[in-house]
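Work through the exercises below with the sequence and the model side by side, trying each task before reading its solution.

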Amino acid sequence: MSTPQPAFSPLQVRERAACMCDHGDVCSSFAPGHALHLIQARLASATPTEWIDGIVESADAVTGSLIVRDLDGTAHTLWNGSGAALEAGAGTPVALHPRYHVLAVGRTQFNVAI
């Protein structure tokens with residue numbers, strides 16, 4: 001006979017859920033702006049015509065926010081908690097896949113919140 005598991009209310013479970021990057025560790029969440037999921041990267045690679053080239057206009061490594069201006073002049077405000085702002089300083093050429101929320105800085109890809 002197995003021991004019954006304690007039942008937690010939804011409120012208690014929600015309160016305990018926090019990404020490890022909130023505590024200075026590696027991202028443990030695949031929510032927008034956190035860790036890049038393998039399927040997300042593959043979907044972005046499978047749709048190459050949807051990438052937008054751009055230049056980083058500003059990057060704040062403390063908050064993780066970036067502003068990328070595409071070649072048409074449109075500004076895209078992005079957020080990433082896993083170091084995209086450290087990799088891509090102002091003036092860095094990047095590619096943005098807005099459908100799957102992927103920012104490519106050279107060969108490195110980041111999950112971004114748009």
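A residue counts as buried under 20% relative accessible area, as exposed over 50%, and as partly exposed in between (1.4 Å probe, protein chains only). Helices (H or I, at least four residues) and strands (E, at least two) are DSSP runs, numbered from the N terminus. The model is predicted, with local features needing pLDDT of at least 70 and side-chain atom pairs counting only at pLDDT 80 or more, while totals for chains, interfaces and linings use all residues. Residues are numbered from 1 along each chain as its sequence is written, and side-chain values use heavy atoms, with hydrogens and water left out.

**Exercise 1.** Find which residues of helix α2 are buried, and what they pack against.

*Solution.* Begin with the helix, residues 38–46, where Gln-40, Ala-41 and Ala-44 are buried. Seen down the axis of α2, these buried residues fall within an arc of 100° (taken from the directions from the helix axis to the C-beta atoms), so they line one face of the helix. Next, turn to the other side of α2, where Leu-38, Ile-39, Arg-42, Ser-45 and Ala-46 are exposed.

**Exercise 2.** Determine whether His-76 is buried or exposed, and which side chain its own side chain meets in a polar contact.

*Solution.* First locate His-76 in strand β3, residues 75–79. With a relative accessible area of 14%, His-76 is buried. Its side chain then makes a polar contact with the side chain of Asp-70 at 3.1 Å, a polar contact being a pair of N or O atoms within 3.5 Å; within protein, one must be able to donate a hydrogen and the other to accept it, and residues adjacent in sequence count only if both atoms are side-chain atoms.

Conventions
Contact means heavy atoms within 4.5 Å.
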